[in-house]
Structure formats: structure tokens, C-alpha cells
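Hello,

Here is the structure I promised to pass on. Please have a look at it first, and then read my notes below.

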Amino acid sequence: MSTPGHLVWRLSMKWRVAVDRALAPIGLTHAQYVFLSSLFGLERAGASPSQRELADHTGLEALYTSKLARSLDADGLVERTRDPADTRTIRLALTERGREVVEPAIETVAELLDRLLAPLGGRDGDRTAALSRELTLLLDTPLDP
């Protein structure tokens, strides 16, 4: 019998590989998708996040977020600008091309999520809601001593 840790690992790997495969035709990796879709969501909520804020939101390491930001900026998907109030802070914004790439990617991943969650009753199912609550509890539990 597998341990919960092993199952979490296997599910996270299954999801990452599935997203990578689904987004390969449009040239995005799972990490790039997480970055872009999170930035899209934050912007829709009226935020203009810094690299640090996006790293905190996504759970990606700050250094990796910075590397992704530079790469996506070079590809014309993201714009990085210095915050006028604090020049050490870099603000992020999707470009028009970034929005054109991320919107269909979000639809593709939503369809994939629907397939993943179908055994639990779909995205709006009671079992999915319970799983989300349990996963949130685990994510909020500190592991540092």
C-alpha cells in the first residue's frame, strides 16, 4: 500500500506530465503555464504583482520565478518593469501576445482538470470540494521545524 506522501508525489507528477503534454502544441511548459495563468488571474483581480508576489502566489521558488520572467519577457509574453516607488521591485504584466497565448491554455487545462476530477463528481462535486479543503489544510501546515 502506498503512503499518502507517495500518492501526493505520484498525483503531482501525473498532473505535471499531463499539463506539459497538453500544452506542448502551443509551446508552453507546466511551469510557464502556472506563471502566466497566475499572472492572468491576478491581473483580472486588479493586481500588478511583483516577481516576489507571483512567486508567493504560485509556490514557485523566487529565483525560478525570476528566471521564468526573464525568459517569458524575451519571448514577448510578459513585460517586466521597475516599480517607481521601489526600484528593487520588478512588476510583471502580460503583454497582448501573452494574453493571446494564455487564454486558450487556460481552457485546455480546464478540460484536463475536468477529466481528472470526473471520478470525484467534477469540479463542482462535493467530493472535489472536500478534497480541496483537505489539500488546503495540508498546504497550510508548516513543515519547517
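**What I found**

Gln51 is buried, at 12% relative accessible area (buried means under 20%, with a 1.4 Å probe and protein chains only). This is a predicted model, in which local features need pLDDT of at least 70, side-chain atom pairs count only at pLDDT 80 or more, and totals for chains, interfaces and linings use all residues. Residues are numbered from 1 along each chain as its sequence is written, and side-chain values use heavy atoms, leaving out hydrogens and water.

Gln51 sits in helix H3, residues 51-58 (helices are DSSP runs of H or I, at least four residues, and strands are runs of E, at least two, numbered from the N terminus). Leaving aside residues up to four places away in sequence, Gln51 touches Thr65, Ser66, Ala69, Arg80, Ile90 and Leu92 (contact means heavy atoms within 4.5 Å).

Now to the largest pocket. A pocket is an open set of points on a 1 Å grid over the protein atoms alone, where a 1.4 Å probe fits, with protein on both sides within 12 Å along at least five of seven lines; lining residues have an atom within 4 Å of a point. The largest pocket holds about 1,600 Å³ of space, the volume being the space filled by probe spheres set on the points. Of its 33 lining residues, Leu11, Ser12, Trp15, Leu135 and Leu139 lie nearest the centre. Helices H1, H2, H5 and H6 each give two or more residues to this lining, and H1 gives the largest share, 9 residues.

Best wishes

Technical notes. Buried means under 20% relative accessible area, exposed over 50%, partly exposed in between (1.4 Å probe, protein chains only).
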